[in-house]
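Subject: Structure for your review

Dear colleague,

Please find below the structure that I am handing over to you. I would be grateful if you would read the notes that follow with the structure open beside them.

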Amino acid sequence: MEPRASEQPPCLAWIPKDFFVQWFRQHGRTFHWRQPGTSPYGVLVAEMLLRQTRASMVPPVWEQLVQRYPGPTELSTASLEELYQIVQQLGLGRQRATALRSMAQAVTERFAGKIPENVKALESLPHVGPYVSRAVCCFAFGEQLAIVDSNVLRVLSRLTGCQLPRDIRRSRARCAWEMAARLLPEGAAREHNLGLLDFAAAVCKPVNPHCAACPLAGQCHHAGAVIGRGERDLEGAA
Ligand code: SF4
């Protein structure tokens with residue numbers, strides 16, 4: 001089922017409002033950049049590194065980067081070769097090194113070396129899109145904003161049975177942003193969003209999701225389809 005732009009997003013009101021907050025409190029990951037006192041710059045660098053990488057491999061690389069270049073000004077004048085040597089530990093190419101430096105140059109030149117505090121200004125930075133801008137606003141500045149990346153898309157898509165586009169900038173992804181916004185509990189966006197991301201990584205994984213142990217399985221479209229298929233297979237075998 002593919003939602004049309006004019007359609008209302010499917011209702012997920014059956015999920016308790018604090019579900020992902022509680023999940024985060026019990027099972028959340030403790031990355032360095034999630035610690036209190038991490039600068040907005042540190043959060044932005046982490047989000048740019050996390051794209052298409054395995055999160056568990058990012059901490060030592062992130063630490064190296066923020067120690068070697070403690071702020072946008074230092075990063076803006078980094079040697080591309082040196083930056084590449086650091087990011088390639090994550091299997092990343094020269095493009096990511098260039099992206100980090102271009103972002104830092106724009107922050108230095110246009111925002112006096114200070115990470116901007118709103119989505120529009122963040123999105124005006126090179127290589128910063130709708131997900132990273134909102135993640136930084138939420139995690140670094142405490143904004144009550146929903147976030148949608150490919151992992152959140154996967155969870156929402158399985159829960160509802162909707163085929164959501166992989167590209168979060170596509171117009172049809174509007175439905176996913178609306179669903180994510182409706183899930184947001186009042187005043188707890190940070191823990192909720194972190195819980196949603198960690199739930200996607202640990203339970204609703206890209207391959208072999210742990211539906212048998214998932215507290216949402218009872219009403220999840222994907223789990224229902226899998227169970228239905230299993231029952232039909234059993235009937236067929238009987
Ligand atoms: S039941 Fe399975 S598919 Fe549904 S949310 Fe849980 S892990 Fe994901």
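Ala 112 sits in the loop between H6 and helix H7 (119–123). Please bear in mind that this is a predicted model. Ala 112 has a positive phi of about 50°, although it is not a glycine. Most residues other than glycine have a negative phi. Is Ala 112 buried or exposed? Ala 112 counts as exposed because 9 other C-beta atoms lie within 10 Å, and the exposed class takes in residues with 12 or fewer.

The phi of Gln 52 is near 60°, a positive value in a residue other than glycine. Gln 52 belongs to the loop between helix H2 (40–50) and helix H3 (58–68). There are 10 C-beta neighbours inside 10 Å of Gln 52, so this residue is classed as exposed.

I turn next to two pairs of helices. The first topic is helix H5 (residues 80–87) with helix H6 (residues 94–110).

The axes of H5 and H6 come within 8 Å and cross at roughly 120°. H5 is therefore oblique to H6, since angles of 65 to 115 degrees count as roughly perpendicular and those over 145 as roughly antiparallel. The crossing in which H5 passes H6 is right-handed. Which residues meet there? From H5 come Leu 80, Leu 83, Tyr 84 and Val 87, and from H6 come Arg 94, Arg 96, Ala 97, Thr 98, Leu 100 and Arg 101. By class, the residues of this contact are six nonpolar, one polar and three charged.

The other pair is helix H1 (residues 19–27) and helix H11 (residues 189–202), whose axes come within 7 Å and cross at roughly 70°. H1 and H11 are therefore roughly perpendicular to each other, as the range for that class is 65 to 115 degrees. H1 passes H11 in a crossing that is left-handed. On the H1 side, the contact involves Phe 20, Val 21, Trp 23, Phe 24, Arg 25 and His 27. These meet Glu 191, His 192, Leu 194, Gly 195, Leu 196, Asp 198, Phe 199 and Ala 202 in H11. The contact of H1 with H11 is made up of eight nonpolar, three polar and three charged residues.

Finally, I would point you to His 221, which lies in helix H12 (residues 221–237). Leaving aside residues up to four places away in sequence, His 221 touches Arg 158, Leu 159, Thr 160 and Gly 161. His 221 and Thr 160 are 61 residues apart in sequence, yet their C-alpha atoms are 5.5 Å apart in space. Why does His 221 count as partly exposed? His 221 has 15 C-beta neighbours inside 10 Å, and the partly exposed class lies between the exposed limit of 12 or fewer and the buried limit of 20 or more.

Yours sincerely,

A colleague

Conventions. Residues are numbered from 1 along each chain as its sequence is written. This is a predicted model: local features need pLDDT of at least 70, side-chain atom pairs count only at pLDDT 80 or more; totals for chains, interfaces and linings use all residues. Helices (H or I, at least four residues) and strands (E, at least two) are DSSP runs, numbered from the N terminus. Two residues are in contact if their C-beta atoms, placed from the backbone, lie within 7 Å. Axes are lines fitted to C-alpha atoms, for helices over the stretch in contact, and angles run from 0 to 180 degrees between N-to-C directions. Angles under 35 degrees count as roughly parallel, over 145 as roughly antiparallel, 65 to 115 as roughly perpendicular and the rest as oblique. A crossing is left-handed if the near helix is turned anticlockwise from the far one by less than a right angle, and right-handed if clockwise. Ala, Val, Leu, Ile, Met, Phe, Trp, Tyr, Cys and Pro count as nonpolar, Asp, Glu, Lys and Arg as charged, and the others, Gly among them, as polar.
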